[in-house]
Amino acid sequence: MTDVVLQGLTKRFGAVPAVRNLTCTMTPGVTGFLGPNGAGKTTTLRMLLGLVRPTAGTATVGGRRYADLPQPRRVVGALLDSTGFHPGRTGRQHLRISADQSGLPAARVATVLDQVDLGGAADRRVRGYSLGMRQRLGLATALLGDPEVLVLDEPANGLDPAGMAWLRGLLRDLGAEGRTVIISSHVLAEVRQTADRVVIVGEGTLRHTGPLDEMAGLEEEFLRLTGGVA
């Protein structure tokens with residue numbers, strides 16, 4: 001079981017603070033990472049994944065920075081964007097190349113295609129995929145290393161109601177296996193049905209962290225904590 005720990009995490013872009021002294025721990029299970037647009041969620045996730053250098057503080061996975069993990073794809077899987085696929089490749093080709101580049105077993109390709117229910121479209125070119133299919137392919141890519149931690153930014157984007165129900169079950173199952181699943185989402189109704197815990201940020205600062213079942217109402221508390229109208 002692997003914790004994700006943010007300690008005093010801070011990022012400024014010039015004089016503009018994007019994240020300010022963010023401290024929290026995300027434990028095994030499903031954590032909803034919530035906040036309005038511009039709250040610093042994406043910047044925080046990018047710092048966690050080593051894509052943005054913090055101005056101060058640390059973001060660690062199992063006590064190590066992402067850059068210090070010896071086999072990062074086996075520890076952390078991430079879906080931040082579902083648009084970065086080569087349109088001329090098939091879904092299966094994309095996954096095979098990703099596995100090879102990361103030193104992961106080729107057998108994982110068939111496993112993750114089945115896991116995200118994309119086997120029937122695996123040999124179609126990605127240019128013909130719907131947004132929901134691209135989301136599934138991105139999730140399959142994140143799962144290739146059978147990681148202990150999953151970092152997912154708006155994973156339900158483009159999914160129809162049946163797809164959202166499927167995703168809900170998958171994320172719950174992954175959390176129940178002892179993985180640390182972090183989902184950044186604007187769909188509060190889905191978070192309410194999926195997450196065990198929530199972390200709420202506003203204007204780059206921590207507003208709340210704790211078990212979801214201890215909140216009186218997620219939408220009402222979210223609006224109150226982030227300056228909306230409840």
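This is a predicted model: local features need pLDDT of at least 70, side-chain atom pairs count only at pLDDT 80 or more; totals for chains, interfaces and linings use all residues.
**View 1. An open sheet of 3 strands, with antiparallel pairing.**
Strands of a sheet pair through backbone hydrogen bonds, and they may do so in either a parallel or an antiparallel way. In this sheet the strands follow the order β2-β1-β4, and the pairing is antiparallel. Because β2 (16-26) and β4 (56-61) each have a single partner strand, they stand at the edges, and one side of each is left without a neighbour in the sheet. From one strand to the next, the twist averages 20 degrees.

**View 2. The pairing of strand β1 with β4.**
Strand β1, which covers residues 4-13, pairs with β4 in the antiparallel sense, and 5 bridges join the two.

**View 3. Helix α1 lying across the strands β1, β2 and β4.**
Helix α1 is formed by residues 41-48, and as it lies across these strands it runs at about 115 degrees to β1.

**View 4. The packing of helices α3 and α4.**
Two packed helices are described by the angle between their axes together with the distance between those axes. For α3 and α4 the angle is about 130 degrees, and the axes are 9 Å apart. The two helices are therefore oblique to each other, and their crossing is right-handed. On the side of α3 the contact is made by R92, L95, R96 and A99, while α4 contributes V109, V112 and L113.

**View 5. A106 in the loop between α3 and α4.**
The loop that holds A106 lies between α3 (91-101) and α4 (107-115). Is A106 buried or exposed? Its relative accessibility is 61%, and because a residue counts as exposed when this value is over 50%, A106 belongs to the exposed class. Although A106 and L95 are 11 residues apart in sequence, their C-alpha atoms are 8.7 Å apart in space.

When residues up to four places away in sequence are not counted, T205 touches R20, L22 and I200.

Technical notes
Residues are numbered from 1 along each chain as its sequence is written. Side-chain values use heavy atoms; hydrogens and water are left out. Two strands pair if DSSP finds at least two bridges between them. Helices (H or I, at least four residues) and strands (E, at least two) are DSSP runs, numbered from the N terminus. Axes are lines fitted to C-alpha atoms, for helices over the stretch in contact, and angles run from 0 to 180 degrees between N-to-C directions. Contact means heavy atoms within 4.5 Å. Buried means under 20% relative accessible area, exposed over 50%, partly exposed in between (1.4 Å probe, protein chains only). Angles under 35 degrees count as roughly parallel, over 145 as roughly antiparallel, 65 to 115 as roughly perpendicular and the rest as oblique. A crossing is left-handed if the near helix is turned anticlockwise from the far one by less than a right angle, and right-handed if clockwise.
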